[in-house]
Amino acid sequence: MSHVKCQIMAVPRHKHTRSSVGQRRMHIFIKPASLTVCKKCNRAVRPHTVCRNCGYYKGQEFINVLGKLTKKEKKLREKEMQKAEKEQKKTAPATMEELSKK
Ligand SMILES: [Zn+2]
């Protein structure tokens, strides 16, 4: 009878103990995302991606972040960006001084 197909489920030959299963699975887990710091706004960003906060990547603007915002939101964002830039300027010379002292 060729039209009847006999399908048998695959059955494991030996019992896998909890410990051997655990040893196999010890490398299976979600790793924490590796983050770098955006050079423009100093925020944590995924590497090789455009910054979501300021829209910059490799010193070039790719997304106009302020385009979709309302006037109030724009003002707030611009203030934040200026603050971040000021902080960067403050920290940059300090590190250079420290380097020269050493
Ligand atoms: Zn940024």
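User: How many aromatic pairs does a search of the whole structure find?

Analyst: The search of this predicted model finds one aromatic pair. Rings of Phe, Tyr and Trp (its six-membered ring) pair if their centres lie within 6.5 Å. Local features need pLDDT of at least 70, side-chain atom pairs count only at pLDDT 80 or more, and totals for chains, interfaces and linings use all residues. Residues are numbered from 1 along each chain as its sequence is written, and side-chain values use heavy atoms, with hydrogens and water left out.

User: What places Lys40 over the face of Tyr56?

Analyst: A charge sits over a ring if NZ of Lys or CZ of Arg is within 6 Å of the ring centre and within 35 degrees of the ring normal. Lys40 lies over the face of Tyr56 at 4.1 Å from the ring centre, and Lys31 lies over that of Phe29 at 5.5 Å.

User: Which residues are the protein donors of the zinc ion?

Analyst: Cys38, Cys41, Cys51 and Cys54 each provide SG, 2.2 to 2.3 Å from the zinc ion; donors are N, O and S atoms within 2.8 Å of the metal (3.2 Å for Na, K and Ca). Their spacing along the chain is C-x2-C-x9-C-x2-C.

User: Why is the arrangement around the zinc ion called tetrahedral?

Analyst: Four donors count as tetrahedral if all angles lie between 85 and 135 degrees. The four donor atoms subtend angles of 103 to 115°, so the arrangement is tetrahedral.

User: Why does Cys38 count as buried?

Analyst: Buried means under 20% relative accessible area (1.4 Å probe, protein chains only). Cys38 has 8% relative accessibility and therefore counts as buried; Cys41, at 9%, is buried as well.

Note on methods: Tetrahedral: all angles 85-135°; square planar, octahedral: opposite > 155°, others 65-115°. Buried < 20%, exposed > 50% of the residue type's maximum accessible area, 1.4 Å probe, protein only. Phe/Tyr/Trp six-rings, centres within 6.5 Å; stacked < 30°, edge-to-face > 60°.
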